[in-house]
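Colleague: I'd like to learn how to read a protein model, one feature at a time. Could you walk me through it?

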Amino acid sequence: MNALLNQQRQGFSALEKGIVVGVAALATSAIANAFLSSAAEGNNPPIGKFVEVDGVRLHYIELGTGEPVVFLHGNGSMLQDFKSSGLINLCGKTFRAIAFDRPGFGYSGRPNDRTWTPAAQAKLFQKAFAKLGIVKPVVVGHSWGTLVALRLAVDFPSDISRLVLLSGYYFPTLRADTLLSTPGVLPIVGACIQHTIGPLIGRVFANSAIEHMFNPLPVAPSFSASYSAAMALRPSQLKAVASETAMMPSAVESIVAHYKLVRTPVQIFAGEMDAVVETSEQSVRLHESLSNSQLHVEKGVGHMVHHAIPEKIAAAIAG
């Protein structure tokens with residue numbers, strides 16, 4: 001009997017030791033990630049200005065004067081994406097070009113007091129436009145940013161002049177990334193992932209994920225030079241990424257019925273070889289659903305269409 005009790009004690013002791021080691025490893029990882037996040041921000045300070053709207057501090061850059069053009073980036077990205085594509089500089093020659101970090105990305109805040117659906121973000125940006133004197137802008141959205149752009153056209157049609165949509169996801173489908181992101185939005189579990197193993201996993205797969213977005217073209221050197229993976233892998237941004245990935249089907253489902261209400265002129269761009277969203281099931285289908293749209297499918301181009309054909313897109317923005 002004593003031998004059995006000793007074996008049980010040893011078993012519990014080993015389990016306890018394992019738990020302690022595991023907790024210590026997670027704590028060490030969290031501390032390391034906090035240090036890396038601080039270092040990332042130190043190495044990549046804000047490049048623009050800030051405006052506070054509804055308790056949210058939004059980071060943005062602005063070039064040029066004239067008719068306003070607003071750029072809204074995709075999930076996991078930052079305003080540097082549009083800047084490195086050359087689109088902002090092209091438009092800044094004849095327009096007032098403004099690119100925002102969407103809530104939770106780059107240097108824009110993302111308070112926990114609301115769910116950051118496309119509708120919530122559209123409402124925030126509509127107020128930001130008013131505060132910054134941005135009147136009836138052309139709104140350019142890439143990937144997840146297209147949902148915010150469309151929501152602006154649905155909810156505030158008189159405040160938008162026209163839309164330019166790039167590589168968007170417009171109709172709900174089954175997606176593996178949505179399922180994989182579910183743990184990241186769970187209370188406690190999500191925060192633990194984002195502060196410990198999430199950034200570590202992200203560092204392993206960051207380059208391949210970026211290559212996947214640009215495929216079949218090589219990653220644009222300008223993107224590599226300006227986009228900071230360290231900034232993108234901060235726990236705060238990983239939280240925003242997980243949230244937006246998990247809500248993709250429901251976010252799209254909530255807006256599909258409103259497409260018939262869109263009367264704003266829409267230019268739709270997509271890469272024929274987009275490996276992130278299926279062009280024929282998304283961009284082509286959206287074009288068929290909008291009465292006032294034009295479709296441009298670029299051969300030999302993937303998800304990052306704005307890096308491949310910035311001049312064509314700038315021409316469409318100009319109308």
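Predicted model: local features only at pLDDT ≥ 70, side-chain atom pairs only at ≥ 80, totals over all residues.

Modeller: Let's start with a polar contact, meaning a pair of N or O atoms within 3.5 Å; within protein, one must be able to donate a hydrogen and the other to accept it, and residues adjacent in sequence count only if both atoms are side-chain atoms. Here, a polar atom in the side chain of Gln194 sits 2.6 Å from the backbone oxygen of Gly184. Residues are numbered from 1 along each chain as its sequence is written, and side-chain values use heavy atoms, with hydrogens and water left out.

Colleague: Where does Gln194 lie, and is Gln194 buried or exposed?

Modeller: Buried means under 20% relative accessible area, exposed over 50%, and partly exposed in between (1.4 Å probe, protein chains only). Gln194 has 6% relative accessibility, so Gln194 counts as buried. You'll find Gln194 in helix H7 (residues 189-195); helices are DSSP runs of H or I with at least four residues, strands are runs of E with at least two, and both are numbered from the N terminus. Contact means heavy atoms within 4.5 Å. Setting aside neighbours within four places in sequence, Gln194 contacts Gly184, Pro199, Pro235, Leu238, Lys239 and Ala242.

Colleague: And how do I read two helices packed together?

Modeller: You describe two packed helices by the angle between their axes and the distance between the axes. The axes are lines fitted to C-alpha atoms, for helices over the stretch in contact, and angles run from 0 to 180 degrees between N-to-C directions. Take helix H4 (residues 118-132) and H5: their axes are 8 Å apart, at an angle of about 70°. Angles under 35 degrees count as roughly parallel, over 145 as roughly antiparallel, 65 to 115 as roughly perpendicular and the rest as oblique. So H4 and H5 are roughly perpendicular to each other. On the H5 side, the contact is made by Leu147, Val148, Arg151, Leu152 and Asp155, and H4 brings residues including Phe125 and Phe129.

Colleague: At what angle do H5 and H12 cross?

Modeller: Roughly 25°, with the axes of H5 (residues 145-155) and H12 (residues 248-256) coming within 11 Å. H5 and H12 are therefore roughly parallel to each other. Leu147, Leu150, Arg151 and Val154 of H5 meet Ala251, Val252, Ser254 and Ile255 of H12.

Colleague: How many residues of H5 are buried?

Modeller: 10 of the 11, so H5 is mostly covered. Among what covers them are strand S3 (68-72), H4, strand S5 (138-142), strand S6 (162-166) and H12.

Colleague: What about the loops?

Modeller: Check the backbone angles there. Asp54 has a positive phi of about 50° although it is not a glycine, and Asp54 is placed in the loop between strand S1 (49-53) and strand S2 (56-63). Ser167, also not a glycine, has a positive phi of about 55°, and Ser167 lies in the loop between S6 and helix H6 (176-180).

Colleague: Which of the two is buried or partly exposed?

Modeller: Asp54 is partly exposed, at 39% relative accessibility, whereas Ser167 is buried, at 1%. Look at one peptide bond too: from Asn215 to Pro216 the bond is cis, with omega near 10°.
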